[in-house]
Amino acid sequence: MDAGFRIPLSPVAHDAAVVQGDQYRITVLTTGLVRIEWAEDGRFEDRATTFALHRDLPVPAFRVVNGAEVVEVISERLHVTYDRRRPSASGLKVDFVGGITAWHSTWRFGDADSSLHGTARTLDVVDGRTALGPGIVAEGGVAVLDDSASFLLTDDGWVAPRPDGDRFDLYVFAYGHDFTGALDAFYAVSGDQPLLPRWALGNWWSRYHRYSADEYLTLLDRFDREGVRFSVAVIDMDWHRVESVPPEHGSGWTGYTWERDLFPDPEEFLADLHRRGLRVTLNVHPADGVRAFEDAYAGMCRALGQDPAEGLPIAFDITDPAFLEAYFDVLHHGLEEQGVDFWWLDWQQGSYSRVAGIDPLWMLNHFHFLDSGREGRRPLTFSRYAGPGSHRYPVGFSGDTVISWASLDFQPEFTATASNIGYGWWSHDIGGHLWGVRDDELHLRWVQLGVWSPILRLHSSNNPFLEKEPWAFPAETRAAIDEALRLRVRLVPYLHTMNRRSAEARLPLVLPLYYEAPFEPAAYRTRNVFRFGSELLVAPITSPRDPVTLQGAVTAWLPPGIWIDIATAVVHEGGRTVRLHRDIGGVPALLHAGGILPLAAEHETDATLNPAHLEILVAPGADGAFELVEDDGTGTSPDTVPTVRTPLRWDQSAGTLTIGAADGPTGIVPETRTWTVTLLGLPPGTTVLVNGTAHAASGTGSGRVSITLTGDTTTAATVSTGADPQPATQDVADRVFALLNAAQYPYEAKAALWAVVTAPRSAASRLAELQALTPPEPLLAALTELLTAL
């Protein structure tokens, strides 16, 4: 195999980590992770698998008790009890040492999956929920990953099926409620998440539509005039011959030859996209192989020793090394030389190949990702999930989702839960792909979810009525979609820093709340609310807005502390379950006290560049620190990427934000940078000092105090507001009036509610009377949110 297909492997565990008998082998990989093998023929597997690349880990402390009936393996976190026979429920169990409850901290062989689940291969034609595979964390403290059916990786870069026979290969994660510890162990064995290119974190435009080159470029020019920028151009299958395929060759499902009627000059089209600052991916359905009408057919025949004059189709066989080599060298590399940046692998033909046990989807993901990284490039591919270990091949394509509120409602949970199997970079068809009915609010809420998703990619099926362009919607919806897409670009400095965190600190971007509060039952119940990187909590709205309040609502449990909505500056007390409300302008995204959120300034619309002007949102109320990480786009892994780090620190007692000097190579970030510092939850008129000198602050809205400064990036700067500033929701009465004014509710009844709200009594007294007036529940809930805000 080509040397580029060989990856670092260390699959043989240290002898000191192994406890072995004639038919069993127990390998203690970490204090909370144990591998348990059983083989009837006594032959155990030391090669890497699609999941497990590295077993040669530091040997943890553990002890072995060899009894007459059982062998026991005991570490700081786990206790294995095994009768040395073929595994059974009575003969093999693993306990989490210390226990979580009196009965749920034990796993027995054969138990049904009790994990908090992982993810699924695809959401193709799913309307609402779908079954999820196992994860490696469990509320009960013990989870199991069954690796028995995976196939093997060989030292020369190729693959092999598992040997036949009666055998088991299990990885038991006994980390209790240390979910991040379990993830760390998972990545230690399976490999880390790769570092994505910065441009992948902006907006992606995709539509299954028979574009011509001129039509596609005209569309992008329209977006530019609208002030909405994209960084990735996705071209669906009509880039290649479809309708012009001669009928004797079958359908146009698979193709590698440009449709010249639509793209008469592919090189110039791709160059034009690059000049606009976009990277390009083309859709491929490789299942039908290569047929005689393809431009590359003769070259493929020569590479594989066939006579092109015979015109016989070349079957797709990803398990044939010769085919794989030609598949890349002949079919793909020439198109990449024309300007294709990466490939959308749209494999929909199942998990079977010519070799039993070898999943063609995994093969495509693995080899495409490695091939895309040749010549020192940062690798990327775009494909469906193919099982544990797939986190090494971002970005994930979740498939053709049904357009419905039920599908939208499942997607936040689906994205967050994927972190339980280490899978951090899902890309969904934002807005849904097929079927359904037109619902402008549904589409808007989906786009708003996309802002807070790992990847934002608009997409739809080949239907003339399924338009995703913002100008195809009424003015109110259009404005909110535009704002969402602009916000996504502004988030890229934060997202790229979290991209580095994912690769270095082994923490996916999106995490369920129970990672932060594993002993809090409400953290498991509010499954659609999630942490978005280190600073934010996001509560997407996934149901239609109320016809009275005209607001959407979501139930969220907030971890202890103070939380401030970055858009409204409403301040919430944590440690409780609340009902959050927003009009169609956005969804709740909350910054924790001490949180620091770097954003590109509004006019910085190119997601591929390190911006010259940044806005820093600060949530006062506690100390906080954030390190902004930027690079030049070169290098393939964190240790090879030229990097600049800028420390940002909020000192609550002093009320001071310190913007540290940028540390790293020159030429990566601008020499001079403008910073707009926005403090949330502070009243107008707050005194602001810049480097010790008083400056006039401005406010961009209620509860937002801003100051702008410009300076050399190698010199630190400070912005101060006075000692110990305490955030509070500003202008509560004005907010309540706006809510009642917009409500589709009788005027006299609104006046009665207003009289109660403005009465000079305690909040508890006013809430009690509001309840007695029996307004509609959604209106009462929205009023309650504002009256109980800090």
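**View 1. Ala717 in strand S40 is the bridge partner of Ile659.** The model is predicted; local features need pLDDT of at least 70, side-chain atom pairs count only at pLDDT 80 or more, and totals for chains, interfaces and linings use all residues. Strand S34 (residues 656-659) and strand S40 (residues 717-720) run antiparallel and are joined by four bridges. Strands (E, at least two residues) and helices (H or I, at least four) are DSSP runs, numbered from the N terminus. Two strands are said to pair if DSSP finds at least two bridges between them.

**View 2. An open sheet of six strands has the order S32-S33-S34-S40-S36-S37, with antiparallel pairing.** Strands S32 (624-631) and S37 (693-695) each have a single partner strand and stand at the edges, so one side of each has no neighbour in the sheet. On average, neighbouring strands are turned by 20° against each other, direction ignored. Helix H10 (residues 492-505) packs on this sheet, where it touches S32 and strand S33 (643-651), and its direction makes about 90° with that of S32. Contact means heavy atoms within 4.5 Å. Axes are lines fitted to C-alpha atoms, for helices over the stretch in contact, and angles between N-to-C directions run from 0 to 180 degrees.

**View 3. S32, S33 and S34 are linked by antiparallel pairings.** Eight bridges hold S32 and S33 together, and Asp631 stands opposite Thr643 of S33. S33 and S34 are joined over four bridges, with Asp651 opposite Thr656 of S34. These two strands form a hairpin with four residues between them, and Gly655 in the turn has a positive phi of about 65°. Strands of a sheet pair through backbone hydrogen bonds, in a parallel or an antiparallel manner.

**View 4. A second open sheet of six strands runs in the order S22-S23-S24-S29-S26-S27, again with antiparallel pairing.** Strand S22 (510-512) and S27 are the edge strands, each pairing on one side only.

**View 5. Strand S26 (residues 562-565) pairs with strand S27 (residues 571-573) and with strand S29 (residues 589-592).** The pairing of S26 with S27 is antiparallel and spans three bridges; Glu573 in S27 is the bridge partner of Ile562. Five residues lie between the strands of this hairpin, where Ala569 takes a positive phi near 60°. S26 and S29 also pair in the antiparallel sense, over three bridges, and Ile564 stands opposite Leu591 in S29.

**View 6. Helix H2 (residues 213-226) packs against helix H3 (residues 266-275) at an angle of about 5°, with their axes 11 Å apart.** The two helices are therefore roughly parallel to each other, a term used for angles under 35 degrees. Ala213, Tyr216, Leu217 and Leu220 of H2 make the contact with Phe269, Asp272 and Leu273 of H3. By class, six of these residues are nonpolar, none is polar and one is charged. Ala, Val, Leu, Ile, Met, Phe, Trp, Tyr, Cys and Pro count as nonpolar, Asp, Glu, Lys and Arg as charged, and the others, Gly among them, as polar.

**View 7. The largest pocket holds about 790 Å³ of space.** Its lining comprises 40 residues, of which Leu145, Asp146, Asp147, Ala149 and Pro388 lie nearest the centre. Strand S10 (142-146) and strand S13 (167-174) are the elements that give two or more residues to the lining. S10 supplies the largest share, five residues. By class, the lining has 23 nonpolar, eleven polar and six charged residues. On a 1 Å grid over the protein atoms alone, where a 1.4 Å probe is used, a pocket is an open set of points with protein on both sides within 12 Å along at least five of seven lines, and lining residues have an atom within 4 Å of a point. The volume is the space filled by probe spheres set on the points, which are joined across faces, edges and corners.

**View 8. Two loops show backbone features at Val395 and Trp435.** The peptide bond from Pro394 to Val395 is cis, with omega near 15°. Val395 lies in the loop between strand S18 (382-383) and strand S19 (396-397). Trp435 is not a glycine, yet has a positive phi of about 60°; this residue is placed in the loop between strand S20 (426-427) and helix H8 (440-451).

Conventions. Residues are numbered from 1 along each chain as its sequence is written. Side-chain values use heavy atoms; hydrogens and water are left out. Angles under 35 degrees count as roughly parallel, over 145 as roughly antiparallel, 65 to 115 as roughly perpendicular and the rest as oblique.
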